[in-house]
Amino acid sequence: MGWAAFFGIWAFVSAVILDEFTLPGPLKVWNEILEIVRGGSWADDFLISISKTFMGFMIALIVGVPVGYMMGRAGYWKAFFHDGVVGAGSIPGIVYAIIALVIFGIGFQGPILAVGLISMPFIALNVAEGLEGVDRDLLSMSTAFGRSDRQALRHILIPSIMPFAFAGVRLSFAIAWKVEALTEVFGSSNGVGFQIRFAFQGFSIAGVLAWTLMFIALLLLIERGLAIVERWLFRWRTWEQAA
Amino acid sequence: MATLQIEKLTKTFPPHSKDGRPVRAIQDISFAMSGQVFVSLVGPSGCGKSTLLNIVSGVDSPSTGTVTVTQDGKKARLGYVFQDSRLLPWRTVMQNMLYVSDLPEEEGRANASKYLEMVGLGHAHDMYPGQLSGGMQQRVGIARAFSVSPDLLLMDEPFSHLDAITARSLREELQVMWNATKKTVLFVTHDVMEAVQLSNRIITLAHGGTVFDDTTIELPFPRKASDPEFAAQQAEILGRFETMELERTAAKG
Ligand SMILES: Nc1ncnc2c1ncn2[C@@H]1O[C@H](COP(=O)(O)OP(=O)(O)OP(=O)(O)O)[C@@H](O)[C@H]1O
Ligand SMILES: [Mg+2]
């Protein structure tokens, strides 16, 4: 229903208020999408963009999880990192895109760095929050029954953090994906962002919109996928809320 | 045979607020218990009962004094039933039981099943704690504590969150399980009737964490609250509570 209204308004604005050159109608863009799909190399562009996002994300996890862990466990580290992490989280994506461009110029490292930088604060903050919320009573239960620190880490700490970490991943993924494409628009010779710029330089608004729509579709698809994984991982929570 | 020995135990917590005084949860407690006894620890709220159990279980450490728990000279194995069930919400009932088990997988499962059966939860292996009622969760907590074959079983007001009917039936189950296993049990409660019903010995703590009274109860099991001797015992202990309160007010005034 929401979609029908969206396409209706789009068609109306395109045909009546603006013109076909400024804003091509849905049909034209749809044909453009078909064209791109038929061309065949679109999958490569998406694959490249996704793998760059993924690698940036890995970097963010590798840095963000330990930082979040330290922040959640010790007041000292919380104070040490707090302003930096919150500050970093408030910087707009475009700044990271520019920083990445300045450092790496046109190349594949730029988008990866930008994704890493933008995602890290979200992940760190969520992990910290999860750790602070760990139920101390469960930890003392674990000690009373003679369980080791490693067992407590695996069965209590990590499961407590997981929902928060996952929320951090989902939230930052949407942002990371946008920053990745943004960085590609400026400084890349492949990927979805690059294709958008390429279409723009060829004065093909339909091309820009076609790529953008495909980009949105993929983002939604991945979101849905993550939501399904999340529901499965945290199936115990449905019961908790019901009780 | 399990032996718990507490000597000149004190526990002081850091002040709750910046310029507050340190909290003396336990001032001076000494007692010993050993063998097949069910000992109840009763006393007013805040007199340090939970603190004492936490020190015995190693969750907390004494400020001064010593606590030793031994089983025939070796380090004893402990079971702990908490006031709330303290189950891992992200693990099923069976997984919660296995978390505290040191047995090989198969044996652990069989053992856990046995104790779940005993508390009437043979059907609930694959349920999550959130799917169980409070009483059922508490049963899992009890099964968990028994399942490790503890030399010393600690119980901290295990029935106080439950309604009277559920508490009563769990109390009876506990009695049956204790008769079957004859563990050494240290049981904390507010409820004098509960203490008289279950225990061989009742230790009363006073405000500020000192031992006020130590009584042996000789009535045969199973004990019925309607039995006049039961009522007499209960009245006597309650009488001591009153004396304790009177002394306290007198000391204050
Ligand atoms: N971790 C802690 N930090 C600071 N003070 C504490 C801590 N644990 C307990 N206390 C204090 O120690 C005193 C004894 O507490 P404890 O929980 O042992 O009482 P209790 O006898 O179990 O009471 P109740 O019957 O209400 O459960 C209280 O004054 C409490 O505020
Ligand atoms: Mg208590």
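A residue counts as buried when its relative accessible area is under 20%, as exposed when it is over 50%, and as partly exposed in between (1.4 Å probe, protein chains only). The structure here is a predicted model, in which local features need pLDDT of at least 70 and side-chain atom pairs count only at pLDDT 80 or more, while totals for chains, interfaces and linings use all residues. Residues are numbered from 1 along each chain as its sequence is written, chains are lettered from A and ligands numbered from 1 in the order in which they are written, and side-chain values use heavy atoms, with hydrogens and water left out.

**Exercise 1. Describe the build of chain A.**

Step 1: Start with the secondary structure, where helices (H or I, at least four residues) and strands (E, at least two) are DSSP runs numbered from the N terminus. Chain A has 11 helices and zero strands.

Step 2: Look at the extent. Along the principal axes, the C-alpha atoms of chain A fill a box of roughly 70 × 45 × 30 Å.

Step 3: Turn to burial. In chain A, 40% of the 243 residues are buried.

Step 4: Check the contacts (heavy atoms within 4.5 Å). Among those in chain A with a separation of 6 or more, 73% link residues 24 or more positions apart.

**Exercise 2. Work out how chain B holds ligand 1.**

Step 1: List the neighbours, taking a residue as near if one of its heavy atoms lies within 4 Å. There are 13 residues around ligand 1, and B:Ser45, B:Gly46, B:Lys49, B:Ser50 and B:Thr51 come nearest.

Step 2: Find close atom pairs. Oxygen atoms of ligand 1 lie 2.8 Å from an N or O atom in the side chain of B:Lys49 and 2.7 Å from a polar side-chain atom of B:Ser50.

Step 3: See which elements take part. β2 (23–34) and α1 (49–56) of chain B each give two or more residues to the shell around ligand 1; α1(B) gives the most, with three residues.

Definitions and conventions:
A polar contact is a pair of N or O atoms within 3.5 Å; within protein, one must be able to donate a hydrogen and the other to accept it, and residues adjacent in sequence count only if both atoms are side-chain atoms.
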